[in-house]
Amino acid sequence: METARRAGRDCGTGTPSIVLAGVHLRRGAVDRATEVLAARQHRWDEDLTWEHHDLLLARGDVAAARGRHTRALALYRRCGAALDEDGIANAVFAPWWARAALLLADLGRPDDAAPVVEHGAALAARWGTPRARGLALTARGATIPGPDGLDLLAEAVAVLDDSPARSELVEARLRWGTGLLASGHVIEARRQLREAATLAARCGATREASRARAALHRAGGRMRRPTGSPLDPLTSAERRVVRLAAGGARNREIARALFVTGRTVEVHLTSAFRKLDVTDRTGLAPLVAADRGGAA
């Protein structure tokens with residue numbers, strides 16, 4: 001987008017703006033997301049480009065983030081109507097129904113959410129992918145109180161855990177964790193909320209990581225404030241070990257430098273590998289470099 005702007009040209013498609021707005025939104029920069037979408041809004045409305053569904057969904061997401069719930073729901077429904085008009089029945093293509101159902105659940109309007117959930121469930125059943133099924137289970141679980149809703153959210157997590165749908169998994173874990181906490185299952189709630197916060201931080205989704213961290217604190221757990229760094233999921237001790245390991249230090253050298261045992265170094269590295277989704281210390285260097293670049 002910046003290259004096109006400098007050349008005095010148009011990108012020729014609205015997709016980069018929609019994607020960029022989504023990234024800003026996940027990082028909590030709601031104003032920036034609004035600006036990106038507003039910059040081309042008039043042209044999109046005139047051209048009715050093939051990205052129209054995604055545009056309506058993105059506008060709805062921004063409106064919801066700004067607390068404009070009525071407008072958000074109206075945009076989501078317009079997205080659904082446009083998809084129906086175009087004969088698009090892919091459950092995960094601009095999944096307005098999932099966004100609308102979760103927003104209605106958060107607003108305490110489960111009865112209004114019920115037909116939306118049923119619509120999405122029918123689409124997901126036909127599409128059949130883990131992402132679609134997980135979205136439908138999360139939407140239904142969020143709108144049903146008590147143990148039945150928790151069971152659906154647990155199933156959503158199980159389905160999404162084996163899929164590439166990371167954002168959807170964060171949402172499912174977060175809602176399951178908060179539901180567990182409300183039901184008095186504090187220990188399991190902490191585990192799910194910590195997993196949600198860790199995965200969100202790993203994906204750079206600062207806004208979701210902050211939500212999960214706040215819920216974890218309500219459950220009596222503790223976690224570093226997310227900054228958008230790839231090292232956000234790590235504890236302070238794990239960060240110190242990882243930085244030394246990324247610089248080429250061996251376990252024995254790390255133990256001497258930090259005045260800990262070799263076994264402690266091994267435990268911290270194993271935990272860091274799991275949280276950062278790397279298999280060995282060679283994968284640590286680019287993450288540490290990115291952390292330092294962000295800090296600079």
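Tryptophan 176 lies in helix α11. Keep in mind that this is a predicted model. Is tryptophan 176 buried or exposed? Its relative accessible area is 14%, and the cut-off for buried is under 20%, so tryptophan 176 is buried. What does tryptophan 176 touch, once we skip residues up to four places away in sequence? The list is Leu150, Leu153, Ala154, Val157, Glu188 and Gln192. Now take aspartate 151. Along the chain, it sits 25 residues from tryptophan 176.

Leave aside the neighbours within four places in sequence. Then arginine 175 is in contact with Leu102, Asp106, Thr138, Ala142, Leu153 and Arg211. Leu153 is on this list, and Leu153 is on the list for tryptophan 176 as well. One distance for arginine 175: alanine 196 is 21 residues away in sequence, and the two C-alpha atoms are 9.4 Å apart.

Now the helices themselves. Two packed helices are described by the angle between their axes and the distance between the axes. Start with α11, residues 166-182, and α12, residues 186-202. At what angle do they pack? The angle is about 155°, and the axes are 8 Å apart. Angles over 145 degrees count as roughly antiparallel, so α11 is roughly antiparallel to α12. The crossing of α11 and α12 is left-handed.

Which residues make this contact? On the α11 side they are Arg166, Leu169, Val170, Arg173, Leu174, Trp176, Gly177, Thr178, Leu180 and Leu181. Notice Trp176 there, our opening residue. On the α12 side they are Val186, Glu188, Ala189, Gln192, Leu193, Glu195, Ala196, Leu199 and Ala200. Tryptophan 176 touches both. Sort the contact of α11 with α12 by class, and you get 12 nonpolar, 3 polar and 4 charged residues.

Next pair: α9 and α11. How do these two cross? The axes come within 10 Å, and the angle is roughly 25°. Angles under 35 degrees count as roughly parallel, so α9 and α11 are roughly parallel to each other. Their crossing is left-handed.

From α9, the contact is made by Arg131, Leu135, Thr138 and Ala142. From α11, the residues are Glu168, Ala172 and Arg175. Arginine 175 is back, then, facing us from this list. Two of its contacts, Thr138 and Ala142, are named here on the α9 side. By class, the contact of α9 with α11 divides into 3 nonpolar, 1 polar and 3 charged.

Stay with α9 for a moment. The helix covers residues 130-143, and threonine 143 lies in it. Is threonine 143 buried or exposed? With a relative accessible area of 15%, threonine 143 is buried. Its side chain has backbone oxygens to look at. The backbone oxygen of arginine 140 is reached at 2.9 Å. The backbone oxygen of alanine 139 lies 3.2 Å from a polar atom of the threonine 143 side chain. Setting aside neighbours within four places in sequence, threonine 143 contacts Ala101, Ala105, Pro110, Ala113 and Val117.

Now some exposed residues. Proline 115 has its place in helix α8, residues 110-127. Its relative accessible area is 52%, and the cut-off for exposed is over 50%, so proline 115 is exposed.

Phenylalanine 259 lies in the loop between α15, residues 251-258, and α16, residues 262-276. At 78% relative accessibility, phenylalanine 259 counts as exposed. What is its phi? Phi is near 60°, a positive value in a residue other than glycine.

Aspartate 277 is found in the loop between α16 and α17, with α17 at residues 284-295. Aspartate 277 has a positive phi of about 60°, although it is not a glycine. Its relative accessible area is 61%, so aspartate 277 is exposed.

Technical notes:
Residues are numbered from 1 along each chain as its sequence is written. This is a predicted model: local features need pLDDT of at least 70, side-chain atom pairs count only at pLDDT 80 or more; totals for chains, interfaces and linings use all residues. Side-chain values use heavy atoms; hydrogens and water are left out. Helices (H or I, at least four residues) and strands (E, at least two) are DSSP runs, numbered from the N terminus. Buried means under 20% relative accessible area, exposed over 50%, partly exposed in between (1.4 Å probe, protein chains only). A polar contact is a pair of N or O atoms within 3.5 Å; within protein, one must be able to donate a hydrogen and the other to accept it, and residues adjacent in sequence count only if both atoms are side-chain atoms. Contact means heavy atoms within 4.5 Å. Axes are lines fitted to C-alpha atoms, for helices over the stretch in contact, and angles run from 0 to 180 degrees between N-to-C directions. Angles under 35 degrees count as roughly parallel, over 145 as roughly antiparallel, 65 to 115 as roughly perpendicular and the rest as oblique. A crossing is left-handed if the near helix is turned anticlockwise from the far one by less than a right angle, and right-handed if clockwise. Ala, Val, Leu, Ile, Met, Phe, Trp, Tyr, Cys and Pro count as nonpolar, Asp, Glu, Lys and Arg as charged, and the others, Gly among them, as polar.
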